[in-house]
Amino acid sequence: MSIHHRSLDRKRKRFLETQVKPLMFKHKWKVKLLTELQPKKNSNVLGLNVNRSVIKIRLRVSKDGGFYPYTHHLGTMLHELAHMKYGNHSAEFYDLLKELREDMGKILNGRMTVPFFEAGCGIRLGGKRPR
């Protein structure tokens, strides 16, 4: 997942990405871009999943205002991830959303992780970069 850093709270976005990575791995989902959905007055839209590849989340209450609570961002992110499988708000969608919330509880309690090498993470050992 890449990050688009246009006036975003970078730490908040990084943390959000890190927390949902095990869910994305489990379901084999790929999100090309996670970006901010710009604040609008009187808008009930808190997130969008565009073509199952771009997720936009409303991070701020208003352009000048503060951020929504992090738990709000996480809940919206889980909702948008459920749209990776189901486009509409069907019973199956809400069943998947419930599963994602339960799995997130496991992640937050340290009982669910991504296998280290499968996560695209790695540590370079030794001093010099290979040529």
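**Close-up views of the strands and helices**

**View 1. Strand S2 (residues 33-36) and strand S4 (residues 54-57) run parallel and are joined by four bridges.** Two strands are taken as paired if DSSP finds at least two bridges between them. Leucine 33 has valine 54 in S4 as its bridge partner. Strands (E, at least two residues) and helices (H or I, at least four) are DSSP runs numbered from the N terminus. The model is predicted: local features need pLDDT of at least 70, side-chain atom pairs count only at pLDDT 80 or more, and totals for chains, interfaces and linings use all residues. Residues are numbered from 1 along each chain as its sequence is written, and side-chain values use heavy atoms, with hydrogens and water left out.

**View 2. Strand S3 (residues 47-50) pairs with S4 in the antiparallel sense, over four bridges.** Leucine 48 is placed opposite lysine 56 in S4. S3 and S4 form a hairpin with three residues between them. In the turn, asparagine 51 has a positive phi of about 55°.

**View 3. Helix H1 (residues 10-27) and helix H3 (residues 91-108) pack at an angle of about 130°, their axes being 9 Å apart.** Axes are lines fitted to C-alpha atoms, for helices over the stretch in contact, and angles run from 0 to 180 degrees between N-to-C directions. H1 and H3 are therefore oblique to each other; angles under 35 degrees count as roughly parallel, over 145 as roughly antiparallel, 65 to 115 as roughly perpendicular and the rest as oblique. The crossing of H1 past H3 is right-handed, a term for the near helix being turned clockwise from the far one by less than a right angle, with anticlockwise giving left-handed. Gln19, Val20, Pro22, Leu23, Lys26 and His27 of H1 are in contact with Leu96, Glu99, Leu100, Asp103, Met104, Ile107 and Leu108 of H3, where contact means heavy atoms within 4.5 Å. Sorted by class, this contact of H1 with H3 has eight nonpolar, two polar and three charged residues. Ala, Val, Leu, Ile, Met, Phe, Trp, Tyr, Cys and Pro count as nonpolar, Asp, Glu, Lys and Arg as charged, and the others, Gly among them, as polar.

**View 4. The axes of H1 and H2 come within 11 Å and cross at roughly 40°.** That angle makes H1 oblique to H2, and H1 passes H2 in a right-handed crossing. On H1, the contact is made by Arg12, Phe15, Leu16, Gln19, Val20, Leu23 and Met24. On H2, the partners are Tyr70, His73, Leu74, Met77, Leu78 and Leu81. The contact of H1 with H2 has 10 nonpolar, two polar and one charged residues.

**View 5. The structure holds two aromatic pairs.** One of them is formed by phenylalanine 15 and tyrosine 70 and is tilted, at 5.3 Å centre to centre and 50° between the planes. Rings of Phe, Tyr and Trp (its six-membered ring) pair if their centres lie within 6.5 Å; planes under 30 degrees apart count as stacked, over 60 as edge-to-face and the rest as tilted.

**View 6. H2 and H3 pack at an angle of about 135°, with 9 Å between their axes.** H2 and H3 are therefore oblique to each other, and H2 passes H3 in a right-handed crossing.
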